[in-house]
Amino acid sequence: MHHLAGEYECKLDEKGRLKLPLQLVRQLSPKGAINFTINRGFEKCLTLYPDQVWEKVVLSFDKLIYFNQKERKFLRYFFGGATPVSTDSVDRVNLPKTLTEWAGIGREVVLVSMRDRVEIWSKDLYHKMREEEMSEDTASDLAEEVFARNINAEEESA
């Protein structure tokens, strides 16, 4: 899978279904239904993992130890909300009510491509977060810090 791109404003229908934008569907799968796992994100959003990404995420948790309290709490948090979902014939995904309530999602949402997964935000919460956390200056500072850290790590491993 190549890297996903884009930010999309969408609306849920009266049954809580999300119609995925055509541009995003084309990036995820050229044809047929798309299978995902949807879960709580690390901020007040939901994360939609395509199946092949979910499998890699799950494998990355194999080293966590159930008998360690912090690791067990994290596993419970992370896997407790995980729900398999699939697109229907018109590229809609049924969002679980418990997850939408947790994320404060109403009818209007913003989908944010995050490399290999998609975050689903309440439109209001997303715009508020962007205003508070991501001015042009803070985005520039954050990019400088993140990329400097990654470059330093690469230099150390060489």
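Reader: Where is Y66 found?

Author: In this predicted model, Y66 sits in the loop between α2 (51-60) and α3 (69-80).

Reader: Is Y66 buried or exposed?

Author: Go by relative accessibility: exposed means over 50%. Y66 comes out at 53%, so it counts as exposed.

Reader: Which residues make a nonpolar surface patch with it?

Author: I65, Y66 and F67 make that patch, and it covers about 410 Å².

Reader: Okay, now the inside. How should I read a nonpolar core?

Author: The general idea is that in soluble globular proteins, nonpolar side chains tend to be buried together. Here, the largest nonpolar core has 24 residues, and L18, L111 and I120 touch the most other members. Elements giving two or more residues to this core are β1 (7-11), α1 (22-28), β3, β4, α4 (97-103), β7 (108-114) and β8 (117-122). Helix α1 provides the largest share, three residues.

Reader: And how much of the chain counts as buried?

Author: Of its 158 residues, 36% do. For the overall layout, count six helices and eight strands, running β-β-α-β-β-α-α-β-β-α-β-β-α-α from the N terminus on.

Reader: What about salt bridges? How do I read those?

Author: Side chains of opposite charge can pair when their charged atoms come close. A search of the whole structure turns up six salt bridges. Take K123 and E9, whose side chains meet at 3.2 Å, N to O. K123 lies in helix α5 (residues 123-133) and E9 in strand β1, so this pair ties together parts that are 114 residues apart in sequence.

Reader: How accessible are K123 and E9?

Author: Both cases fall in the middle class: K123 is partly exposed at 23% relative accessibility, and E9 is partly exposed at 49%.

Reader: Which residue does D88 meet in a salt bridge?

Author: D88 pairs with R92 at 2.7 Å, N to O. D88 is partly exposed at 26%, and R92 is partly exposed at 24%. There's also D116 with R117, at 2.8 Å, N to O. D116 has a relative accessible area of 22%, so it is partly exposed; R117, with 24%, is partly exposed too.

Notes
Residues are numbered from 1 along each chain as its sequence is written. This is a predicted model: local features need pLDDT of at least 70, side-chain atom pairs count only at pLDDT 80 or more; totals for chains, interfaces and linings use all residues. Side-chain values use heavy atoms; hydrogens and water are left out. A nonpolar core is a set of buried Ala, Val, Leu, Ile, Met, Phe, Trp, Tyr and Cys residues joined through side-chain atoms within 4.5 Å. Buried means under 20% relative accessible area, exposed over 50%, partly exposed in between (1.4 Å probe, protein chains only). Helices (H or I, at least four residues) and strands (E, at least two) are DSSP runs, numbered from the N terminus. Patches are made of residues with over 30% relative accessible area and no salt bridge: like charges are joined within 9 Å, nonpolar side chains (Val, Leu, Ile, Met, Phe, Trp, Tyr) within 5 Å. Accessible areas come from the Shrake-Rupley method with a 1.4 Å probe; for residues, only the protein chains shown count as cover. A salt bridge is a side-chain nitrogen of Lys or Arg within 4 Å of a carboxyl oxygen of Asp or Glu.
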